[in-house]
Amino acid sequence: MADQFVQNPVGAEPPMLPVLRWDEPPEGPVLVLLDQTRLPIEEVELVCTDVPALVRAIQTLAVRGAPLLGIAGAYGVALAAVRGYDVEEAVGLLEQARPTAVNLGYGVRQAAAAYRAAAEKGADAEQAGQAALAAARGLHEEDAAASARMAEHGLVLLDELLPGGGHRILTHCNTGALVSGGEGTAFAVSLAAHRAGRLRRLWVDETRPLLQGARLTAYEAARCGMPYTLLTDNAAGSLFAAGEVDAVLIGADRIAADGSVANKVGSYPLAVLAKYHHVPFIVVAPTTTVDLSTPDGASIEVEQRPGQEVTEVTSPQMAAAGGGGSGLPVAPLGTQAYNPAFDVTPPDLVTAIVTEQGALSPVTGGGIADLCVRSRQV
Ligand code: MRU
């Protein structure tokens, strides 16, 4: 099949509102989020003045994606501390807000450790809160740096695997600036290929049921002037069969010690398709997404979401106004739905894992442990 689609013009990337920022208005410190439930229709900020508001934002996916959840969790601990709320209670609420992305707990624990260490050294509540805030800011910056390194390593790997250039990359869910302190994970690699003039097409899975691909990845690709085409998730098979996919690039929410990868539901079928069609299946994630305490894929807790996300079609605005139950029904009343938010891809289907420490291929438990030692995540 010829590349029959009109390319978006490549131009200056228009500025986007910050995805997440700490602010200190006279009424007191707040965490301000770009409300991802409202994209791409409108760029609206959501102001969190307390931890329950942030937990709601996490659960409704106003803020989402593994690395950003870690950053948000860390700022959440700081918010509780500087506003004089119970920090230990905040830690529990934030850690449990969503179960699969390991970065959330990691970020929360980093900020909580900084808070406790300061308190143990005799800091008062204000000073300990500032220590938690500094830890959150540090994590935010580290993630931006990791994102830049992943883009570099990922582009080198792509060029090695696909020496002809003109990469046609299939991606799933959303892995760009909306999930990161920088330009993201898998999306950052595609963007690097685009800037280097080597991206022929970004195939964007719509990513049912919450449409992170259609609403968010297409939004980011359009902003960056990338040549992209949206497809329904179940059109991927015919795309592979037509020889239109050179590589699959996805992110991860948790990578177990054996290299199993939990990511947005629909990733595993892509890995199976990629294997059958001899196409590289590449996972891009910072080492903060590796969880050595989870031994294998079967041990990863997969979040189950409300059935209404499947049985109803809900506009972003409706979802923001109250979630399930307020959408347009697309199934008979009372229909049960199976709605896992993630699936798990075994390591033997993963060609490589790209982290800020470099690319790991083949994916083995020993290699995963080594990456963590290099990044001091152990
Ligand atoms: O449910 P979401 O939107 O938070 O899921 C996000 C994903 O599955 C991403 O692919 C994953 O977090 C990797 S982003 C670096």
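**Entry 1: a pair of helices**

I began with helix α3 (residues 87–95) and helix α4 (residues 102–120), whose axes come within 9 Å and cross at roughly 170 degrees. Angles over 145 degrees count as roughly antiparallel, so that is how I logged α3 against α4. A reminder to myself: this is a predicted model.

Next I listed who meets whom. On the α3 side I found V87, V91, L94 and E95; on the α4 side they meet L104, G105, V108, A112 and Y115. Sorted by class, the residues of this contact come out as seven nonpolar, one polar and one charged.

**Entry 2: the three-stranded sheet**

I then turned to an open sheet of three strands, in the order β1-β2-β3, and noted that the pairing is antiparallel. Which strands stand at its edges? They are β1 (20–23) and β3 (45–48); each has a single partner strand, so one side of each is left without a neighbour in the sheet. From one strand to the next, I read an average twist of 25 degrees.

I looked up one pairing here in detail. Strand β2 (residues 30–34) and β3 are joined by four bridges in the antiparallel sense. Within that pairing, I see L33 opposite L46 of β3.

Two helices go with this sheet. Helix α1 lies across β2 and β3 and runs at about 140 degrees to β3. Helix α2 packs on the sheet too, touching β1, β2 and β3, with a direction about 15 degrees from that of β1.

**Entry 3: α1 against α2**

Having met both helices at the sheet, I checked them against each other. Helix α1 (residues 51–59) packs with α2 at an angle of about 165 degrees, and their axes are 10 Å apart. That makes α1 and α2 roughly antiparallel, therefore I filed them so. I noted their crossing as left-handed.

What makes the contact? From α1 I have V51, L54 and I58, and from α2 I have L69, A72, G76, L79 and A80. By class, this contact holds seven nonpolar residues, one polar and no charged.

**Entry 4: the seven-stranded sheet**

My next stop was an open sheet of seven strands with mixed pairing, ordered β6-β5-β4-β7-β10-β15-β16. At the edges stand β6 (228–231) and β16 (358–360), each with a single partner strand, so one side of each is without a neighbour in the sheet. The average twist I found is 25 degrees from one strand to the next.

Inside this sheet I picked out strand β10 (residues 281–284) and strand β15 (residues 352–355), which run parallel and are joined by three bridges. V283 stands opposite I353 of β15.

I also followed helix α7 (residues 212–223), which lies across β4 (167–171), β5 (199–205) and β6. Relative to β5, α7 runs at about 160 degrees.

**Entry 5: around the ligand**

I kept the ligand for the end. How many residues surround the ligand? I have 17, and the closest are R64, A66, C173, G251 and K264. The elements giving two or more residues to this shell are α2 (66–82) and β9 (261–264).

By class, I counted eight nonpolar, six polar and three charged residues in the shell.

How values were computed:
Residues are numbered from 1 along each chain as its sequence is written. This is a predicted model: local features need pLDDT of at least 70, side-chain atom pairs count only at pLDDT 80 or more; totals for chains, interfaces and linings use all residues. A residue is near a molecule or strand if its C-beta atom, placed from the backbone, lies within 6 Å of it. Ala, Val, Leu, Ile, Met, Phe, Trp, Tyr, Cys and Pro count as nonpolar, Asp, Glu, Lys and Arg as charged, and the others, Gly among them, as polar. Axes are lines fitted to C-alpha atoms, for helices over the stretch in contact, and angles run from 0 to 180 degrees between N-to-C directions. Angles under 35 degrees count as roughly parallel, over 145 as roughly antiparallel, 65 to 115 as roughly perpendicular and the rest as oblique. Two residues are in contact if their C-beta atoms, placed from the backbone, lie within 7 Å. Two strands pair if DSSP finds at least two bridges between them. A crossing is left-handed if the near helix is turned anticlockwise from the far one by less than a right angle, and right-handed if clockwise.
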